[in-house]
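The following note comments on the model under review.

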Amino acid sequence: MTVTGEVGAWSARESGAPAVVAEGLTKVYGQGDTAVHALRGVDVSFATGAFTAIMGPSGSGKSTLMHCLAGLDTVSSGRVRIGDVELTGLGDKQLTLLRRERIGFIFQAFNLLPTLTAEQNILLPLEIAGRQADRVLFDRVVETVGLRDRLGHKPTELSGGQQQRVAVARALISKPQVIFADEPTGNLDSRSGAEVLSFLRSSVRELGQTIVMVTHDPVAASYADRVVFLRDGGLVSELERPTPQAVLDTLMKLEA
Amino acid sequence: MLRTTLAGLRAHRLRLLLTSLAIALGVGFIAGTFVLTDTIEAGFTQKFAAAGDRIDVAVFPDSGRRGEEEPSLPAAALEKVRGVDGLAEAQGLVRGTAALLGKDGKAAGDRPTSGISIPEGRLNRTVIAGGAAPRNGGEAVLDEGTAERHGFKVGDTIAVLDAKEVRHEFRLVGLVDLSLDQELVYTGAVGFTTGTAWSMTGAEGFHEIDALAAEGVGQEELRASVAAALGSGVTVKTGEAYAADMARANGADDDVITMGLLMFGLVAMFVAALVIYNTFNILVAQRTREMALLRCIGATRGQVFGSIVLESVVVGLLSSGLGLLLGYGLGAGALAVLSSLDVPLPAVTPSLAPRTIALGLVIGLAVTVGAALLPARSATRVAPIAALRTQVEERVFRTGAVRVVAAALFLVAGAGATVAALSMPVGQAALVVVMAGGSLVFFALLILGPVLVRPLSAFVGWVPRRLFGVPGRLATDNSRRNPKRSATTTVALTVGVTLMTLIAVLTGTLRVTYSAKLDEQFPVDYMVQPQDRGSELSRALAEDLRSRPELTSVVALRGAVAEVGGKGAEYEVGTFTASRDFRPSLESGSIDLLKPGTAVVANYVAEDLGVKVGDRVPVKTAEAGTVELTVVALFDPQRASLSGVTVPEAEFDRYFGQVGDSSIMVNARDGVAFDRARAAVDAAADPYPTAKVASSTEVRSEFDESLDMMLMIITGLLGLSVLISLLGIANTLSLSVHERTRESALLRALGLTRPQLRRMLSVEALILGLIGALVGVALGVVYAWAAARTMTTDVSFQVPVLQILAFVALSGLAGVVAAVLPARRAARASIVGSLASG
């Protein structure tokens with residue numbers, strides 16, 4: 001099996017095929033008496049060109065689910081597919097190449113390399129992959145996130161919101177099949193957070209990007225097209241076209 | 001606080017070990033030096049004491065006037081000693097020259113062997129290692145070293161030349177151990193009965209008289225009465241004092257070796273101090289939050305300072321202890337190697353003297369704690385609030401004015417001293433000033449290091465940036481990310497590389513300079529000289545050489561010492577047999593100016609006498625009375641191998657008679673193979689046992705070999721400090737890896753493969769290594785040039801490019817090796833775990 005080659009992430013959005021599929025996903029840390037079941041047989045799929053949020057109380061396994069979906073962590077059993085590539089059973093090298101070619105990441109903090117400028121950070125995934133940047137796309141992305149006059153700055157010279165926008169731009173630039181965002185607004189004030197979430201939503205609407213976002217913030221989740229809820233390592237509920245209130249209500253029910 | 005510190009140390013055992021190793025290696029080297037030299041000295045002292053026990057009183061002649069023959073005690077002195085009351089027995093020892101002939105019939109070795117008497121009975125101090133002492137005029141013994149070198153065994157017949165170069169044969173009846181007498185070890189010796197020793201060496205009287213006291217007479221009592229009987233002009237010592245004096249003289253030799261080795265030990269400790277300083281600095285930076293937390297819960301600045309110092313005390317003690325063990329092992333190992341190389345060493349078990357233990361602990365502790373003081377101080381500056389910050393701030397380095405001014409002061413002082421030294425007259429003083437200047441410049445670089453790292457890493461990183469893609473570029477950026485840390489890490493390596501380059505360039509320069517001088521002084525293929533430089537060769541030998549068709553331009557040099565200038569100063573007055581090809585280079589004019597009644601004079605002689613070209617100089621000759629010679633030209637003795645005052649050949653014979661040749665220069669005729677020419681020279685020299693043939697290629701290769709040997713030993717000793725600096729690189733990298741855990745995880749998430757991550761760290765280490773090496777090479781080359789300029793005039797400066805490239809390449813490679821473990825750890829880390837960790 002190969003994971004390299006032509007990756008037409010954005011062209012597949014019309015097909016309606018899911019971008020990411022997980023079947024019977026379990027993840028167990030430790031063994032015997034001390035074993036912790038972080039995921040207990042999760043079946044979920046994420047539609048291409050959609051913005052999906054994963055929610056759940058602390059310890060529900062939402063971050064673990066994202067790590068397993070993104071090939072950052074190995075699964076104990078079950079299968080994960082990104083596009084037409086089966087992740088389970090791939091070696092570290094193949095997983096790395098897969099991430100390089102098909103996945104974009106936005107983390108809560110420490111998204112950027114402090115030695116590189118904003119522009120270099122944005123282009124980093126392409127350079128690692130040895131691909132040429134599409135200048136038209138670059139300009140469009142930079143324009144969208146409003147970073148034109150900040151490109152030459154180092155991360156320490158950027159505000160938290162600007163840093164996350166650089167991370168969004170970086171995730172978009174390689175046209176990945178899916179972007180995984182792990183609490184992307186967790187460290188931001190509400191205004192910067194709203195900005196970043198708008199960029200994420202508009203990239204789904206305008207560019208057809210697929211995004212999977214882990215969050216515990218109902219407002220953040222309301223930017224998504226769909227919210228899936230996790231509790232104790234299992235999928236328990238989901239909402240289409242969520243509002244903050246609806247998300248909050250569902251969470252309250254789960255906590256109860 | 002103590003418990004916190006110890007718990008911290010326990011938690012980081014591996015890092016503790018790495019850090020300790022740097023100090024342990026340095027302390028180990030120093031301790032090893034002491035173990036080795038102490039053990040050797042103890043062994044010799046034991047032997048000397050044993051030798052001293054055999055005699056009660058020893059008598060030596062006072063050293064005579066300068067230039068006189070070896071002073072001796074007259075034979076009558078022995079009779080006087082024997083007449084003293086309270087004496088049991090007295091013996092005289094004879095010592096002179098008696099050249100042993102090798103199995104090829106030529107005088108053995110580069111120097112004629114000594115001829116000594118082996119006294120009989122209880123006073124024989126010589127240790128017979130095999131066989132027996134000589135009992136009559138037909139028997140002789142050899143020292144073990146000489147016998148082994150020339151392949152003689154007990155029972156063989158050996159041939160020895162007497163003072164008049166007449167050959168005598170002896171039966172070899174025993175081998176003796178002469179390792180206590182450095183002079184005899186150097187020349188080798190043949191031992192005879194006293195009478196034979198006199199007749200063979202031509203010596204008169206005794207070199208030394210030994211005496212035993214009668215029952216009930218003390219050493220000091222006998223010494224006093226012997227001294228009274230002999231009067232002035234002699235030194236009389238008790239056996240005990242004699243042994244102690246010998247041991248002291250030997251100890252002085254050992255001290256030179258000890259000092260030399262300690263120099264390398266100190267360099268290693270200096271490098272270790274840099275490594276420790278850096279390590280503690282990083283530890284403090286890394287534990288900022290820990291420190292801040294301690295401050296939050298009420299620890300004072302003093303307690304934080306104390307905890308770091310305490311940590312360094314523990315590290316210092318542990319590593320010094322480890323170093324002492326290492327030193328004991330090194331010393332014992334060196335002894336084992338030396339004795340397996342047949343170096344004559346007394347058999348004593350190596351021991352750690354209390355002084356060695358104390359010194360090792362003190363040095364190790366002082367260096368470790370001293371290096372940790374500055375980092376400890378910076379730890380006290382951590383504000384309690386830092387505990388609450390989530391992200392470790394990138395430290396931005398700014399070039400401070402103090403730094404620039406301090407560096408400038410050092411640089412100006414160092415460069416000034418160097419330039420001043422270059423205009424000083426050639427000599428040791430100038431060399432010392434150059435070295436002082438070099439040290440100042442080095443300190444300027446040390447201070448300026450953080451400023452230099454940026455441009456240097458850009459320069460060194462130019463190739464990796466292009467060669468290794470993203471990992472290469474990130475590595476270059478990382479290498480200058482913390483300029484202070486990178487600078488200290490690389491400077492540690494610079495120390496070793498600078499000294500190695502210095503030595504390599506100096507030996508290279510010495511080699512070429514010597515070679516050029518050899519061409520001028522030894523402008524011939526072969527040189528025939530008597531084994532004993534003071535003696536002469538028969539003129540018939542030169543005649544024979546001239547008659548051989550394979551050879552050409554045979555020039556014989558001869559000389560005699562005579563008073564020149566009429567003021568009592570003596571110089572060698574000499575001549576050479578003319579040959580068409582022999583054109584010694586003079587400062588003015590040509591050798592054709594030399595006519596009867598004239599002389600060419602070495603510049604130093606002319607200077608001493610205050611004469612110049614055209615002046616007349618009186619020379620007191622042996623056969624023609626005092627003659628007045630006109631100086632027609634001067635020459636530089638380094639460029640022309642002529643006697644200080646050189647006169648025409650026929651005139652020389654008239655002045656001094658038929659003096660033999662002191663050396664003969666011979667060239668192979670064009671087109672004659674080396675083997676054939678050499679065979680012709682050897683054949684001509686064969687009838688003359690003391691005539692030694694040397695070829696320029698042999699002289700050169702001997703010189704080359706000894707230079708190579710020296711270079712190898714010094715480079716090996718400096719290797720230790722390079723090794724320590726590599727520990728520093730490994731330490732710095734592993735701590736950087738630790739600091740950048742999340743960064744590495746991010747890169748991995750973005751698609752950097754494990755090998756790429758490893759490569760990134762290797763390239764970073766490579767860059768650090770290369771920066772250190774480049775600065776070292778630059779400094780080493782410049783100062784080798786300056787040092788060579790102060791050592792001799794007209795140097796042919798030579799940079800052994802290949803060797804230096806090898807140093808640079810090895811430094812880079814070593815950096816990469818140092819990165820292996822940290823890189824592995826970084827690549828193995830789980831992405832998810834690393835992203836989560838703070």
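1. Burial in chain A. Of the 256 residues in chain A, 57% are buried. The model is a predicted one, and the values below are to be read accordingly.

2. Overall form of chain A. The radius of gyration of chain A is 18 Å, which agrees with the value near 18 Å that a compact globule of 256 residues would have. The C-alpha trace spans about 50 × 45 × 40 Å along the principal axes of chain A. Its secondary structure consists of 8 helices and 10 strands.

3. Contacts and surface of chain A. When contacts in chain A between residues at least 6 apart in sequence are considered, 68% of them join residues at least 24 apart. Chain A has an accessible surface of about 10,600 Å², and carbon and sulfur atoms account for 47% of that surface.

4. A charge over a ring in chain A. Arg135(A) places its charged end over the ring of Phe138(A), at 4.5 Å from the ring centre.

5. Overall form of chain B. In chain B there are 25 helices and 21 strands. The C-alpha trace of chain B extends over about 100 × 75 × 50 Å along its principal axes. Of its 838 residues, 50% count as buried.

6. Contacts and surface of chain B. For chain B, 81% of the contacts between residues at least 6 apart in sequence join residues at least 24 apart. The accessible surface of chain B amounts to about 37,700 Å², with 60% belonging to carbon and sulfur atoms.

7. Aromatic pairs. Over all chains, the structure holds 12 aromatic pairs. One of them joins Phe442(B) and Phe443(B), with 5.9 Å centre to centre and 75° between the planes. This pair is classed as edge-to-face because the angle between planes must be over 60 degrees for that class.

8. Surroundings of that pair. Phe442(B) and Phe443(B) belong to one aromatic cluster together with Phe270(B) and Phe410(B). Is Phe442(B) buried or exposed? Phe442(B) has a relative accessible area of 11% and is therefore buried, the limit being under 20%. Phe443(B), by contrast, is partly exposed, at 34%.

9. The interface. How many residues of chain B are in contact with chain A? There are 23, and they meet 24 residues of chain A. The side chain B contributes loses the most area at Leu746(B), Leu750(B) and Val832(B), which together give 25% of what that side buries. The area buried between the two chains is about 2,300 Å², and carbon and sulfur atoms give 66% of it.

How values were computed:
Residues are numbered from 1 along each chain as its sequence is written. Chains are lettered from A and ligands numbered from 1 in the order in which they are written. This is a predicted model: local features need pLDDT of at least 70, side-chain atom pairs count only at pLDDT 80 or more; totals for chains, interfaces and linings use all residues. Side-chain values use heavy atoms; hydrogens and water are left out. Rings of Phe, Tyr and Trp (its six-membered ring) pair if their centres lie within 6.5 Å; planes under 30 degrees apart count as stacked, over 60 as edge-to-face and the rest as tilted. Buried means under 20% relative accessible area, exposed over 50%, partly exposed in between (1.4 Å probe, protein chains only). A charge sits over a ring if NZ of Lys or CZ of Arg is within 6 Å of the ring centre and within 35 degrees of the ring normal. Helices (H or I, at least four residues) and strands (E, at least two) are DSSP runs, numbered from the N terminus. The radius of gyration is taken over C-alpha atoms; the globule rule is 2.2 Å times the number of residues to the power 0.38. Contact means heavy atoms within 4.5 Å. Accessible areas come from the Shrake-Rupley method with a 1.4 Å probe; for residues, only the protein chains shown count as cover. Buried area is the accessible area (1.4 Å probe) that two parts lose on being put together, summed over both.
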